[in-house]
Amino acid sequence: VDDVILNFPVNDVIDYYQQNRGPLSVINSLTMKIPAELLDNDYDITPPQSLLLVLSSKKDEFFLNNSINDNKTSFIATYSESDKSYSFTGLRDYFLSMLDKYNADGRIDPADATFTLTPVAVTYENSQSSYYYSGTTYISSITPYIGKPRMVKLLLDKADITFQFAKQTFH
């Protein structure tokens, strides 16, 4: 899988929100699910386990600084075998920051909607609580994927963006 450039339709989502919100609205979530098609091959090459969606203008900085996803400019999705897709959740904070920019300027710079999709290796760590033996799993590193060959066809034209918000209207 090579890097893929994606233009996220943030202006369309903002327009929809502006047209349908009420005097009191709460943005619940914004997600994007990208279907993936497995490619026939004789070498048992499988899809990348994880994809990073990062603002193109921040990609180099992301890797130079050994960053992890912040859910404002960078997001992680894991390949789902069951529905053959990658789901990017947590786009809500990104949308809120774009809405703030829109409300301040009346527009969104195209660079704020241009993302790069790239395969990555994600390292997880667990922290254990000794009190109840419960713990938290968190991402400790994200690096460009350089392991064995991986390939998949991303069906960007069939991507599903789900935007949920609640509004209260007064009568």
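Select Asn71, which lies in the loop between helix H2 (59-64) and strand S4; helices (H or I, at least four residues) and strands (E, at least two) are DSSP runs, numbered from the N terminus. Asn71 is not a glycine, yet has a positive phi of about 60°. At 26% relative accessibility, Asn71 counts as partly exposed; buried means under 20% relative accessible area, exposed over 50%, and partly exposed in between (1.4 Å probe, protein chains only).

Before the next stop, note that this is a predicted model, in which local features need pLDDT of at least 70, side-chain atom pairs count only at pLDDT 80 or more, and totals for chains, interfaces and linings use all residues. Residues are numbered from 1 along each chain as its sequence is written, and side-chain values use heavy atoms, with hydrogens and water left out.

Now select Asp44, in the loop between S2 and S3. Asp44 also has a positive phi, of about 55°, although it is not a glycine. Asp44 is exposed, with a relative accessible area of 64%.

Zoom out and colour by confidence. The pLDDT is the predictor's confidence in each residue, from 0 to 100. Its mean over the chain is 91, and 94% of the residues reach 70 or more. Confidence is lowest in S7, at a mean of 86, and highest in S5, at 98. In this view, count 3 helices and 9 strands, which run β-α-β-β-α-β-β-α-β-β-β-β from the N terminus on. The C-alpha atoms fill a box of roughly 60 × 50 × 35 Å, taken along the principal axes. Of the 171 residues in the chain, 33% are buried.

Not counting residues up to four places away in sequence, Val10 touches Tyr94, Phe95, Met98, Ile108 and Ala113.

Next, select H1 and H3 together. Their axes, which are lines fitted to C-alpha atoms over the stretch in contact, come within 11 Å and cross at roughly 75°. That makes H1 roughly perpendicular to H3, a label for angles of 65 to 115 degrees on a scale from 0 to 180 degrees between N-to-C directions. Residues of H1 including Val13, Ile14 and Tyr17 meet residues of H3 including Leu99 and Tyr102.

Finish at Thr143, in strand S7 (residues 135-144). Thr143 is partly exposed, with a relative accessible area of 35%. Leaving aside neighbours within four places in sequence, Thr143 is in contact with Phe63, Val120 and Ala121. Draw a C-alpha to C-alpha distance from Thr143 to Thr73: these residues are 16 Å apart in space and 70 residues apart in sequence.

Key: Contact means heavy atoms within 4.5 Å. Angles under 35 degrees count as roughly parallel, over 145 as roughly antiparallel, 65 to 115 as roughly perpendicular and the rest as oblique.
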